[in-house]
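Here is a short briefing to read alongside the model. Have the sequence and the 3D view open, and we will walk through some local features together.

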Amino acid sequence: MSGAGHRSYDELLALAVRAARAGGDLIRDERPADLGVALTKSSPTDVVTVMDQACERLVHDLLLGERPVDGMLGEEGGTVAGTSDLTWVVDPIDGTVNYLYGIPQYAVSIAVVSGDPTDDAGHEVLAGCVHNPISGQTWTATLGGGAYLDGAPIGCSDGADLSQVLLATGFGYQASRRTHQAQVVSALLPRVRDIRRMGSGALDLCQVACGRVDAYLERGLHPWDLAAGGLIAREAGALVTGLGKALAGFELVVAAGPATHALLQDALQGLAPDTDGS
Ligand code: IPD
């Protein structure tokens with residue numbers, strides 16, 4: 001599939017966009033007034049709502065209804081093994097805590113990858129879409145085809161002065177991980193323009209892609225948080241890696257224009273941001 005060219009990627013992207021918009025309409029329009037927590041995952045604050053589950057089911061039906069041979073990896077367990085080389089990686093609501101509280105910063109994130117999306121070195125993201133149903137904004141990218149916001153080309157910022165960098169970040173759901181993340185952030189905060197914690201990793205990567213923040217740093221992202229937004233940021237000119245030469249993945253994601261990325265990598269030396277501390 002990797003050699004099949006942009007036209008095929010565009011067709012995959014068009015399906016991702018249709019599914020993300022349908023899912024976005026559902027979670028925006030059908031959100032119950034008394035929305036509560038359906039279940040919790042890694043900690044009591046790592047929540048799932050009935051709308052995460054409903055959106056994932058809808059997206060599953062749309063994607064695999066049209067492409068039954070493909071697989072799917074969904075955040076809420078909607079995982080299906082396919083017979084093609086393609087897997088759809090779906091976060092039905094990235095920014096679930098924002099959604100629970102009614103903060104309009106959440107998105108449906110859908111990517112299609114060849115290979116195994118759980119193996120950082122063993123997959124390639126071919127197309128991705130991140131859709132915020134409240135702002136109506138849709139970020140898209142195809143591999144080698146550039147990144148777009150609502151159809152207009154976008155590019156990341158870049159600069160050679162760390163003190164001017166607006167840095168987005170996020171924190172895990174486990175108290176032990178947060179303790180170390182707080183130490184990393186407190187070492188960076190005096191050295192950058194400011195920090196933003198907006199609550200959706202997928203949207204943070206899209207903000208890098210369109211220059212609304214200069215960089216993004218987070219440990220603990222899962223494939224569904226990273227796949228679509230990571231491609232969008234890369235196609236907008238950002239480097240998206242782990243620490244040093246490591247690949248982006250659960251251990252760490254550092255996303256920024258090349259000069260900013262190098263400054264941030266230097267600033268991270270000795271902070272062990274790709275660990276939970278000692
Ligand atoms: C979370 C958000 C958050 C990030 C967490 C993610 P979810 O995803 O992207 O910004 O800090 O690491 O798990 O739980 O809202 O889908």
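The notes below go from strands and a helix to surface patches and backbone angles. Please keep in mind that this is a predicted model. Strand E12 pairs with strands on both counts listed here, E10 in parallel and E14 in antiparallel fashion.

- Strand E10 (residues 166–169) runs parallel to E12, and three bridges join them.
- Within that pairing, Thr169 has Leu217 of E12 as its bridge partner.
- Strand E14 (residues 253–256) runs antiparallel to E12, joined to it by four bridges.
- Ala215 stands opposite Ala256 of E14.

**Helix H5**

- Helix H5 spans residues 201–209, and nine of its nine residues are buried, so the helix is largely enclosed by the rest of the structure.
- Among the buried residues of H5 are Leu203, Leu205 and Val208, along with Asp204 and Gln207.
- Just after H5, Gly211 has a positive phi of about 75°.

**Surface patches**

- Which residues gather in a patch of negative charge on the surface? They are Asp116, Asp119, Asp120 and Glu251.
- Asp119 sits in the loop between strand E5 (107–115) and strand E6 (123–131).
- Asp119 counts as partly exposed because its relative accessibility is 37%, which falls between the cut-offs of 20% and 50%.
- Val97, Tyr101, Ile103 and Tyr173 make a nonpolar surface patch of about 390 Å².
- Tyr101 belongs to helix H3 (residues 96–101), and at 64% relative accessibility Tyr101 counts as exposed.

- Most residues other than glycine have a negative phi.
- Asp150 has a positive phi, near 50°.
- The loop between strand E8 (146–149) and strand E9 (152–153) holds Asp150, which is partly exposed at 46% relative accessibility.
- Ala272 also has a positive phi, near 50°.
- Ala272 lies in the segment after helix H7 (258–268) and is partly exposed, with a relative accessible area of 31%.

Note on methods. Residues are numbered from 1 along each chain as its sequence is written. This is a predicted model: local features need pLDDT of at least 70, side-chain atom pairs count only at pLDDT 80 or more; totals for chains, interfaces and linings use all residues. Side-chain values use heavy atoms; hydrogens and water are left out. Patches are made of residues with over 30% relative accessible area and no salt bridge: like charges are joined within 9 Å, nonpolar side chains (Val, Leu, Ile, Met, Phe, Trp, Tyr) within 5 Å. Accessible areas come from the Shrake-Rupley method with a 1.4 Å probe; for residues, only the protein chains shown count as cover. A salt bridge is a side-chain nitrogen of Lys or Arg within 4 Å of a carboxyl oxygen of Asp or Glu. Lys and Arg count as positive and Asp and Glu as negative; His and the chain ends are not counted. The place of a charge is taken as NZ of Lys, CZ of Arg, CG of Asp or CD of Glu. Helices (H or I, at least four residues) and strands (E, at least two) are DSSP runs, numbered from the N terminus. Buried means under 20% relative accessible area, exposed over 50%, partly exposed in between (1.4 Å probe, protein chains only). Two strands pair if DSSP finds at least two bridges between them.
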